[in-house]
Amino acid sequence: MYEFDKEAYRKRTAWFTEARFGFYIHWGIYAIPGRQNSEWIRSIEQIPAEVYEPFAKEFTAEHYDPKKWARMAKDAGMKYAVMITKHHDGFCLFDSKLTEFKAPAYCGRDLIREFVDAFRAEGLRVGLYYSIIDWHHPDFMHKADIYHPDRSRPDVTDEGRDFNRYLAYMHGQVRELMTNYGKIDVLWLDYSYPNPAGTDMIGETWEATKLVRMVRELQPEIMIDNRLECGGHGFGSLMTAHPNEFSGDFVSPEQIVPPNGLFNELGERVVWESGVTINNNWGYCQLDKNFKPADMVIKKLVECVSKGGNLLLNFGPDRRGDIPEECEQILAEVGRWMRRNGESIHGCGCAELEKPEYGRITRNGNKLYYHVMESQITYVYLPGVSRSQIKKIRLLRDGTELKIVEDWITTNYPELVFVSLGASPVLPDPIDTVIEVELLEA
């Protein structure tokens, strides 16, 4: 009988909770129509296969330069990357021996091999996303799946379809990914879901235990998301004292930062990663110019870390493999802030202190990082610490020493700690000025 090994789990997730910031890439033939909800467009618009699948011939990837992507990610302070290997439409970016509906058959390149090699070369950890759903495969249910593009067609039935054949195919492709690309750090499986039109597509419907055992045998140190168990509609048994065998290693909230972080029923913090799009779409959408500005990305990253989580920031390249220029500019600005302040992100987590009105606090051991996001009148208050606890205070961006202020203004608050950032009412970094407080060892 399976028993959750908490110590092994902590070792497996240690690098992940140190990394805190990741690069997510949704790329496939859905970039060619390039419309709203692009990776779901075949389902939403109920596009027949004979109309949708010829897009593969136009998927040239001629500008695909994963080395450039890897440099962008590293320069932005990201520590890992996750790339789509196959989305729900069934089109594979890797050289699977189990199908011809794949990029190598059209553009002549194993795009996943190039991704893995390029990101490893930059010292980044690599993750692979694989959809357990497949609208291309003939044995995947067409009518019993409420999301299948052919669900409303009266001429389509599930007669003669063998879901066990599909499971063998799906497990076989996961085995290829876990075998052919060296060490993989993250496997992002997407996703189980309640299915009112038929059997609930949850957990063991996908032979989840068998699948996870195979993955962990081939990649003993890998981290797996929680969506085999619960998809995006819940958190799963990671929130309990006894997670099950296919619970995964981290919870995956999407397009939201959990208001208070996440805790299991024992009150312990749960490992989580918030997946967030850089605009409003996962895949490429030509008309979507609603890009999140760099200051928002930075502040949301800080929020995630201050609540004990990671930020996985997503980008959707076009069919040629170009990431929108706006994204490059945003990442460059994030990178400039991270080069000065990355120590307040990497290796940090929740400070377990009162949140200041002006921003947030992150912590790494005996170092507290006060993120000042609003200018203060005269001095900055540092909640949660006393003078007797403090070894030194520095402005993180350049190491400048900051002194505790003791004057006629602060004498009315003898128990509180204030520091000065200088005479200017404008913060040294208007996005987020970070103050590092090193505490004396207990």
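This is a predicted model: local features need pLDDT of at least 70, side-chain atom pairs count only at pLDDT 80 or more; totals for chains, interfaces and linings use all residues.
**Notebook: salt bridges**

I started with Lys391, which is exposed at a relative accessible area of 53% (exposed is over 50%, buried under 20%, partly exposed in between; 1.4 Å probe, protein chains only). I number residues from 1 along each chain as its sequence is written, and side-chain values use heavy atoms, with hydrogens and water left out.

Next I looked up the partner of Lys391: its side chain meets that of Glu438 in a salt bridge, 3.6 Å from N to O (the rule is a side-chain nitrogen of Lys or Arg within 4 Å of a carboxyl oxygen of Asp or Glu). Lys391 sits in strand β12 (residues 390-395) and Glu438 in strand β15 (residues 433-439), so this pair ties together parts 47 residues apart in sequence. Strands (E, at least two residues) and helices (H or I, at least four) are DSSP runs, numbered from the N terminus. Glu438 counts as buried, at 10% relative accessibility.

Then I checked Arg12 and Asp249, whose side chains form a salt bridge at 2.7 Å, N to O. That pair links distant parts of the chain, 237 residues apart: Arg12 is in helix α1 (residues 6-19), Asp249 in the loop between α8 (227-230) and β6 (272-277). Both Arg12 and Asp249 are buried.

Last pair: Lys102 and Asp95 meet at 2.8 Å, N to O. Lys102 is buried at 7% relative accessibility, while Asp95 is partly exposed at 26%. I also found Asp95, Lys97, Glu100 and Lys102 joined into one network by salt bridges that share partners.

For the tally, I noted 33 salt bridges by this rule.
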